[in-house]
Amino acid sequence: MLKTIDRMIAGFRSFKAAYYEQRPERVMTLVEGSQSPEVVLIACSDSRVDPAILTNAEPGELFVVRNVAALVPPFENDGRYHGTSAALEYAVRDLKVSDAVILSHSNCGGVKALVAARNGSVSDRTFINPWMSLMGECATDADPDVVSKESLKRSLANLRTFPFVQAAEAAGYLRLHGWWFDMKAGVLYALNEKTGEFEARA
Ligand SMILES: [Zn+2]
């Protein structure tokens, strides 16, 4: 049986056949022009929720930022190392995307770690705990999926603390979306910001 790393190389061969051999014009358009994705998508690093696979996207369509639990930090102009913020800045100010999607999901390991920490579980991880504290407080008996949905709302609020996001949204150039993927049921929900409810979309 092939090891995963060998299957990845074989997978690249299929990718190459599908794009470089069958649709070379498409590839050349992407390579010779600059990228012009219409969507920036913030997703979890979880191996089970790859946004390009979930949305059947093609190269050039999605500008993706992935981090633990699909969190958006608040705008902080402190000269530190803000990877997610840098990607958002580039997507909104330079690529001028028309839509920003935060995609989080059920069964999220990051969220479970947060709930476990609230229950007194001690972790010696250097970076995970401060990062997960972005999600805020949660009850010790909290359902991780409920925490995840609340966190998605918080990330949307944080997204709006970036002046360039605020400006683009106010001018009608940028739409924000909160999506939540129920992995077990295979259902994609979208947050209705007017009602605060998650509505099944697909
Ligand atoms: Zn996750």
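Figure 1. At a relative accessibility of 1%, H105 counts as buried (under 20% relative accessible area, with exposed meaning over 50% and partly exposed in between; 1.4 Å probe, protein chains only). The model is predicted: local features need pLDDT of at least 70 and side-chain atom pairs count only at pLDDT 80 or more, whereas totals for chains, interfaces and linings use all residues. Residues are numbered from 1 along each chain as its sequence is written, and side-chain values use heavy atoms, with hydrogens and water left out. H105 belongs to strand 3 (residues 99–105); helices (H or I, at least four residues) and strands (E, at least two) are DSSP runs numbered from the N terminus. Leaving aside neighbours within four places in sequence, H105 is in contact with C44, D46, R48, V49, S148, W180, F181 and M183, where contact means heavy atoms within 4.5 Å.

**Figure 2. The annotated binding site.** An unreviewed UniProt entry places the feature "binding site" at C44, D46, H105 and C108; UniProt positions follow the numbering used here, feature names are shortened, and annotations may be inferred rather than shown by experiment. These residues span 65 residues in sequence, yet no two of their C-alpha atoms are more than 9.3 Å apart, so they gather at one spot. C44 lies in strand 1 (residues 39–44) and is buried, with a relative accessible area of 4%. Not counting residues up to four places away in sequence, C44 touches V49, R66, N67, V68, A69, A70, L103, H105 and C108.

Figure 3. Strand 3 and strand 4 pair in the parallel sense over 7 bridges, and H105 stands opposite F181 in strand 4. Strand 4 and strand 5 run antiparallel and are joined by 4 bridges; here W180 stands opposite Y189 in strand 5. These two strands form a hairpin with 4 residues between them, and G186 in the turn has a positive phi of about 70 degrees. Strand 5 (residues 187–192) is in turn joined to strand 6 by 4 bridges, again in the antiparallel sense. L191 stands opposite F198 in strand 6.

**Figure 4. The buried face of helix 8.** In helix 8 (residues 163–170), the buried residues are F164, V165 and A168. Seen down the helix axis, the buried residues fall within an arc of 100 degrees, so they line one face of helix 8; the arc is that of the directions from the helix axis to the C-beta atoms. Their cover includes helix 4 (83–94), helix 7 (144–159) and strand 4 (175–182). Just after helix 8, G172 takes a positive phi of about 85 degrees.

Notes. Pairing = 2+ DSSP bridges.
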